[in-house]
Amino acid sequence: MKQPLYLISTFCSSLLLLFCFLLPFFYSNEIQEIIFINTEEGERLFPPYGPSPQHWLGTDIIGRDLFHQLVIYGKNTLIVVFTIVVLRFSIALCIGFVVKNKKGVLYWLMEKAHHYLSALPILFLVILFMNLAIVEVSPWRMIFIIAFIVLIEVGRLSYIFSNEIHSYYQQPYYEASKMIGSTFWLRLRKYDIRNIGPSIVILFMLELSKVMLLLGQLGFLSMFISQEYFTMEAGPVEVQNRFGTWGSMLADTRDHIRDEFWIPLAPIGAITFAMFTFQLCAESLKKYFSNLKS
Amino acid sequence: MGKITNQFAIVITYLVLFITITLLALLPRGVVFISHDYHVERNFSIVWSQYAGNIKSFLFHLFRGDLGLNIYDQPVMNDISLYFLERSLPVIIGAFSLSLLLGVILGTCIFALKGKKIGKVSSSFVWSLQALPDFFFYILIQMLLFQLFRWGFPSFSFYGYDDIHNYLIAMFIVSLFPSAFLALIIAPLLGEEENKRYIVTAKSKGITPFIVLWKHQWMNIMNRMVRHIHTVMVMVIGNLLIFEYMFYMRGAAMRLYQAMGFHGASIRGGYRSISSDGAFEVPVIIWLFACFLLVSFFAHIIQSILSSYLDRRLN
């Protein structure tokens, strides 16, 4: 562990995990709203409040502490990101193995699906999907959206996996092992995991970072994964976020960039730190595996 | 024959995507909300006859050469010409060209300066440009500019598409992320090529490093580099939406976002209300998506032409 890159990656990932999974035990799940505070001069101050010893990162427009929100929502954010990536990888790996010979209708379909879905930015397609009436009001909105985000990139990943698997299946050592009658499990352990394991782990980390970026962008554009409707005193029906993530904290914060910059900056900082950590881990793993090879 | 089939497959892929988007956008809406004291009950069921009616009417208007009307009862063509052709298309083309140029320059610099301290710094900077979220840089740029203005730096308007400098800023900022992506692809490719024997031979014959880099290494990695042209274009379009949203630019990407049920969302980013149902502008969504698809399609065609030309030349 003399390499600074390994050290920084370990430090950052431990910090991220501690922040998201350990720190919430020390904070209440209810975030208090401050309506106003009285100053010593007898003035009433209304939120948002800037960073201070009471509120380390300041508060949002309705007086909720931003650090407290980051702590509470960190777990949700990481769970959503990991769920999407794990599901995506499980499906893509299965398809990759099935079409490893790069022949047949299934391979053709997968390749075309990859080209089809990479023609436009995913963000555009996800926004369109999230705003369909059927998804907007469905009780299973969250499941629909997560499934859509998972499936939209499966084609690309399975294309990469099928190419990787295909390239080492052609190697003489693999064919020799098959000819002498090795079992599937032995080949999986000795060849498959050793050959594509490193790329899977590195890609996994990069994918975490990509999904985190997508969640942040969706949050900025006020797109909620799970939402509820409410009305006050027979007023207009309004939409409110029901599943707090770092991304959803960014909703409607664009107007505060100029004067209350801490409101968007706190969640952006958290998302940036998480993405930086994932990318650093990917770089460390790349370095580690290339050192192993040489 | 293979190439023609390939080109045909690309056209079909884009056409199928366009049809999918059209069919999704034409899905009937009309969610019924029944509000109680604080709770809102919502009912929605797809009426298939209404869906068929939507598709028929869309096709009917399409065959008459009518693209439809927006929420203000104005032809969609006006939206396309103002938001897309006048505002976003120049930015897309400029940012795309700048991304290629900057990507090539940055990639070559990272390769040429490797081993030196400045090389390490620049490669870390380029790496962080593509590793960190785009909105992080956009907000940093805005905060920096606000701070400079407060310190007395001559202020200028950087919101909106009003002046020529807004277009230039937009092109530069949108191209940051894709050019970093391209640079990080080019630098290792040049490094791979450096260890090949013909390079060692060329160097041993006393050819200057610049000629070796330009005439040999570059020419030989060009075909692998152009395979990423389409990805660069998709990145430019994707970043354009976040850029237009954060810099208050009323461009095509922002217009498309508003058309997808965010009409209530003001340019200042106000809270969305559920009246979005009536503000879901189907014709605007379909045709602005078509415009972006066309841009992406052209990038794909350029990529496939360049790639086949360079492959032929190298082989």
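This is a predicted model: local features need pLDDT of at least 70, side-chain atom pairs count only at pLDDT 80 or more; totals for chains, interfaces and linings use all residues.
I began with burial in chain B: 35% of its 315 residues count as buried.

**Chain B, overall**

I looked up the make-up of chain B next. It has eleven helices and two strands. Reading along the sequence, I get α-β-β-α-α-α-α-α-α-α-α-α-α. I then took the extent of the C-alpha trace of chain B, which spans about 80 × 65 × 35 Å along its principal axes. Among contacts with a separation of 6 or more, 74% join residues 24 or more positions apart.

**Chain A, overall**

I asked for chain A what I had asked for chain B. Chain A has ten helices and four strands. Its pattern along the sequence is α-β-β-α-α-α-α-α-α-α-α-β-β-α. The C-alpha atoms of chain A fill a box of roughly 85 × 50 × 30 Å, again along the principal axes. Of its 294 residues, 36% are buried. For chain A, 71% of the contacts with a separation of 6 or more are between residues 24 or more positions apart.

**Where the chains meet**

How many residues of chain B are in contact with chain A? I find 48 of them, facing 44 residues of chain A. On the chain B side, the elements giving two or more residues are α1 (2-25), β1 (32-35), β2 (40-43), α5 (134-150), α9 (229-246) and α11 (282-314). The largest share comes from α9(B), with seven residues. I sorted this side of chain B by class: 34 residues are nonpolar, ten are polar and four are charged.

**The nonpolar core**

I turned to the largest nonpolar core, which has 141 residues. The residues with the most contacts inside this core are A:Met212, B:Val236, B:Tyr257, B:Ile285 and B:Leu288. The element that gives the most to the core is α10(A), with 14 residues. As background, I noted that nonpolar side chains tend to be buried together in soluble globular proteins.

I followed one of these residues further. What does B:Tyr257 touch, leaving aside neighbours within four places in sequence? In chain A, B:Tyr257 is in contact with A:Ile127 and A:Leu221. In chain B, its partners are B:Leu241, B:Tyr245 and B:Phe262.

**A:Val85**

I picked A:Val85, which lies in helix α2 of chain A. Is A:Val85 buried or exposed? A:Val85 has 25 C-beta neighbours inside 10 Å, so it counts as buried. Beyond the neighbours within four places in sequence, A:Val85 is in contact with A:Phe204, A:Glu207, A:Leu208 and A:Val211. I also looked up its distance to A:Pro51, 34 residues apart from it along the chain.

**A helix pair in chain B**

I looked at helix α6 (residues 164-194) and helix α8 (residues 209-225) of chain B. Their axes come within 10 Å and cross at roughly 135°. That angle makes α6(B) oblique to α8(B). The crossing of α6(B) past α8(B) is right-handed.

Which residues meet there? From α6(B) I list B:Ile185, B:Ile186, B:Leu189, B:Leu190, B:Glu193 and B:Glu194. From α8(B) I list B:Gln217, B:Asn220, B:Ile221, B:Arg224 and B:Met225. By class, this contact has six nonpolar, two polar and three charged residues.

**Backbone notes in chain A**

The peptide bond from A:Pro47 to A:Pro48 is cis, with omega near 5°. A:Pro48 sits in the loop between β2 (44-45) and α2 (66-98) of chain A.

Two residues have a positive phi without being glycine; I took A:Ser222 and then A:Asp252. For A:Ser222, phi is about 55°. A:Ser222 lies in the loop between α9 (184-220) and β3 (227-230) of chain A. A:Ser222 is buried, with 23 other C-beta atoms within 10 Å.

For A:Asp252, phi is near 60°. A:Asp252 is in the loop between β4 (238-241) and α10 (262-293) of chain A. Why does A:Asp252 count as partly exposed? A:Asp252 has 19 C-beta neighbours inside 10 Å, and a buried residue needs 20 or more.

How values were computed
Residues are numbered from 1 along each chain as its sequence is written. Chains are lettered from A and ligands numbered from 1 in the order in which they are written. A residue is buried if 20 or more other C-beta atoms lie within 10 Å of its own, exposed if 12 or fewer, and partly exposed in between; C-beta atoms are placed from the backbone. Two residues are in contact if their C-beta atoms, placed from the backbone, lie within 7 Å. Ala, Val, Leu, Ile, Met, Phe, Trp, Tyr, Cys and Pro count as nonpolar, Asp, Glu, Lys and Arg as charged, and the others, Gly among them, as polar. A nonpolar core is a set of buried Ala, Val, Leu, Ile, Met, Phe, Trp, Tyr and Cys residues joined through C-beta atoms within 7 Å. Axes are lines fitted to C-alpha atoms, for helices over the stretch in contact, and angles run from 0 to 180 degrees between N-to-C directions. Angles under 35 degrees count as roughly parallel, over 145 as roughly antiparallel, 65 to 115 as roughly perpendicular and the rest as oblique. A crossing is left-handed if the near helix is turned anticlockwise from the far one by less than a right angle, and right-handed if clockwise.
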